Amino acid sequence: MSVAAQMVDIKKEYVLKSETVRALRGVSFTVPEGDYVAIMGPSGSGKSTLLNLLGCLDRPTFGSFYLGTDDVSKMNDDQLSHIRASRIGFVFQSYNLIQQLTVVENIEVPLYYQGRVNAASRKRCRELAQLVGLGQRLDHRPTQLSGGQQQRVAIARSLVNDPYFILADEATGNLDSVTTEEILALFERLNDEGRTIIMVTHEDEVAAHAKRVIRLRDGLLQSDIQNETRIHAKPKPRPPEPEMAH
Ligand SMILES: Nc1ncnc2c1ncn2[C@@H]1O[C@H](COP(=O)(O)OP(=O)(O)OP(=O)(O)O)[C@@H](O)[C@H]1O
Ligand SMILES: [Mg+2]
């Protein structure tokens, strides 16, 4: 089985003037390809710190972090930002779309920064828009989309690089319960197709959809369990949307 991410005895310390904060105090876990993990824990337990490490936004103080077979904890800043831009798919609570760009152009943004935009990439971005159910919205801008549709754009964008995993940070935090269920159904479908998903969430109802739940407490793994009572997302049917006038 291939490994998407592996953390080995990861410690993260923040050195302040008066004290050292030990935000992660020796965390180890492996995420095989195809896993669907929810990371939970109380405020201050180290979730954001862990997310920043998984997203290659920061390096651990001690320990090794492998993406595939590469040890990211040994990389310099340039290597880190390259791997972050090219091999991690980020999905944020606030979507982080560029308002002036269309759906397809937003999906293409990660490629643009790498100078990899061409006719083939444009075609792939259109296919990704279709994959997330936005085939009829290719030329719309974010303000013309609902929150759930905007998050679909962000999810399509996260896939454009063929990432090691999708890293979702409270991805449904801004969405109502019906839209949350739709986004969770999309994650489940992508996961069924082999995509690896790691999401941080405060909500038990969201975490209940993951295959596995990791709980942090005081910078340590409190538990790491397979979710035997996993809930499968069942989006409620919506009435068909009226076509927008152009
Ligand atoms: N840049 C920093 N400098 C100093 N201490 C930090 C820094 N970032 C986080 N910490 C500390 O590390 C610990 C873990 O913080 P972290 O942000 O990872 O928690 P969290 O689980 O994401 O909490 P929340 O649910 O409130 O977002 C906390 O004690 C926090 O105060
Ligand atoms: Mg946090």
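# Close-up views of a predicted model

View 1. Asp-162 belongs to the loop that runs between H5 and strand E7, the latter covering residues 165-169. The phi angle of Asp-162 is near 55°, which is a positive value in a residue other than glycine.

**View 2. A buried loop residue, Cys-56, with a positive phi.** Cys-56 is located in the loop between H1 and E4, and its phi is positive at about 60° even though the residue is not a glycine. Is Cys-56 buried or exposed? Cys-56 has 23 C-beta neighbours inside 10 Å, and since 20 or more are needed for the buried class, it counts as buried.

**View 3. The shell of residues around ligand 1.** The residues around ligand 1 are Tyr-14, Leu-16, Val-21, Ala-23, Gly-41, Ser-43, Gly-44, Ser-45, Gly-46, Lys-47, Ser-48 and Thr-49. Two elements, strand E2 (20-32) and helix H1 (47-54), are those that give two or more residues to this shell. Which element provides the largest share of the shell around ligand 1? That element is H1, which contributes three residues. Sorted by class, the shell around ligand 1 contains seven polar residues, four nonpolar residues and one charged residue.

View 4. Strands of a sheet pair through backbone hydrogen bonds, and the pairing may be parallel or antiparallel. In this view, four strands make up an open sheet in the order E2-E1-E4-E5, with antiparallel pairing. The edge positions are taken by E2 and E5, each of which has a single partner strand, so one side of each is left without a neighbour in the sheet. Strand E1, residues 3-15, runs antiparallel to strand E4, residues 62-67, and the two are joined by five bridges. Within this pair, Ala-5 stands opposite Leu-67 in E4.

View 5. Which residues are buried in helix H3, residues 103-113? They are Val-103, Val-104, Asn-106, Ile-107, Glu-108, Pro-110 and Leu-111. The cover over the buried residues of H3 includes helix H2 (77-87), helix H4 (119-131) and helix H5 (147-159). After H3 comes Gly-115, which has a positive phi near 65°.

View 6. Val-117 lies in the loop that links H3 and H4. It has 15 C-beta neighbours inside 10 Å and therefore counts as partly exposed. When residues up to four places away in sequence are left out, Val-117 touches Glu-108, Leu-111 and Tyr-112. Val-117 and Gly-41 are 76 residues apart in sequence, and their C-alpha atoms are 40 Å apart in space; Gly-41 is one of the residues around ligand 1.

**View 7. Contacts of Ala-129 in the largest nonpolar core.** The largest nonpolar core has 61 residues, and those with the most contacts inside it are Ile-39, Ile-107, Ala-129, Phe-165 and Ile-198. Apart from its neighbours within four places in sequence, Ala-129 is in contact with Val-103, Val-104, Ile-107, Leu-134, Gly-135, Leu-138 and Ala-156.

**View 8. The whole chain, as a setting for the close-ups.** The chain contains seven helices and ten strands, and its C-alpha trace spans about 60 × 40 × 40 Å along the principal axes. A compact globule of 246 residues would have a radius of gyration near 18 Å, and the value for the chain, 18 Å, agrees with this. Of the 246 residues, 38% are buried. Among contacts with a separation of 6 or more, 70% are between residues 24 or more positions apart.

Technical notes. Residues numbered from 1 in each chain as written. Chains lettered and ligands numbered in written order. Predicted model: local features only at pLDDT ≥ 70, side-chain atom pairs only at ≥ 80, totals over all residues. Near = placed C-beta within 6 Å. Nonpolar A, V, L, I, M, F, W, Y, C, P; charged D, E, K, R; others polar. Pairing = 2+ DSSP bridges. Buried ≥ 20, exposed ≤ 12 C-beta atoms within 10 Å, placed from the backbone. Contact = placed C-beta atoms within 7 Å. Core = buried A, V, L, I, M, F, W, Y, C linked by C-beta atoms within 7 Å. Rg over C-alpha atoms; globule rule 2.2 N^0.38 Å.
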